Amino acid sequence: MHTQQLPKPGQRVECVLMGADPDPIPMGARGTVLRVDPCGVEAHITVAWDSGRSLNLIAPVDKFRIL
């Protein structure tokens with residue numbers, strides 16, 4: 001189960017660590033949550049990053065904080 005609280009659509013998040021991706025969202029990047037899809041022990045979080053990139057957060061693999 002998730003050890004980290006999941007954000008809700010419309011909330012802002014900040015990437016803390018995205019180590020599993022070969023081209024990760026950088027630490028400190030911020031964005032707005034568009035959608036949260038629970039998927040077993042993971043959750044796929046669709047974020048509109050302020051930089052314009054599109055790369056989902058995967059909880060609990062990726063670390064982030066809700067702003």
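**Figure 1. Glu14 in strand S1 of the predicted model.** Glu14 belongs to strand S1, which spans residues 12–17. With a relative accessible area of 12%, Glu14 is buried, because this value falls under the 20% limit for a buried residue. The side chain of Glu14 forms a polar contact of 2.7 Å with the side chain of Arg65. Not counting residues up to four places away in sequence, Glu14 touches Gly28, Ala29, Arg30, Phe64, Arg65 and Leu67.

**Figure 2. The open sheet of five strands.** The strands are arranged in the order S4-S3-S2-S1-S5, with antiparallel pairing. Strand S4 (57–59) and strand S5 (63–66) stand at the edges; each has a single partner strand, so one side of each is left without a neighbour in the sheet. From one strand to the next, the twist averages 40°. In general, strands of a sheet pair through backbone hydrogen bonds.

**Figure 3. The pairing of strands S2 and S3.** Strand S2 covers residues 30–39 and strand S3 covers residues 42–49. Eight bridges join the two strands in the antiparallel sense. Asp37 stands opposite His44 of S3.

**Figure 4. The largest nonpolar core and the surroundings of Ile45.** This core contains 14 residues, of which Val13, Ile25, Ile45, Trp49 and Leu57 touch the most other members. Strands S1, S3 and S4 each supply at least two residues of the core, and the largest share, four residues, comes from S3. Leaving aside neighbours within four places in sequence, Ile45 is in contact with Leu6, Pro7, Val33, Arg35, Val36, Asn56, Leu57, Ala59 and Phe64. In soluble globular proteins, nonpolar side chains tend to be buried together.

Note on methods
Residues numbered from 1 in each chain as written. Predicted model: local features only at pLDDT ≥ 70, side-chain atom pairs only at ≥ 80, totals over all residues. Heavy atoms only, no water. Buried < 20%, exposed > 50% of the residue type's maximum accessible area, 1.4 Å probe, protein only. Polar contact = N/O pair within 3.5 Å; in protein donor to acceptor, adjacent residues only side chain to side chain. Contact = heavy atoms within 4.5 Å. Pairing = 2+ DSSP bridges. Axes fitted to C-alpha atoms, helices over the stretch in contact; angles between N-to-C directions. Core = buried A, V, L, I, M, F, W, Y, C linked by side-chain atoms within 4.5 Å.
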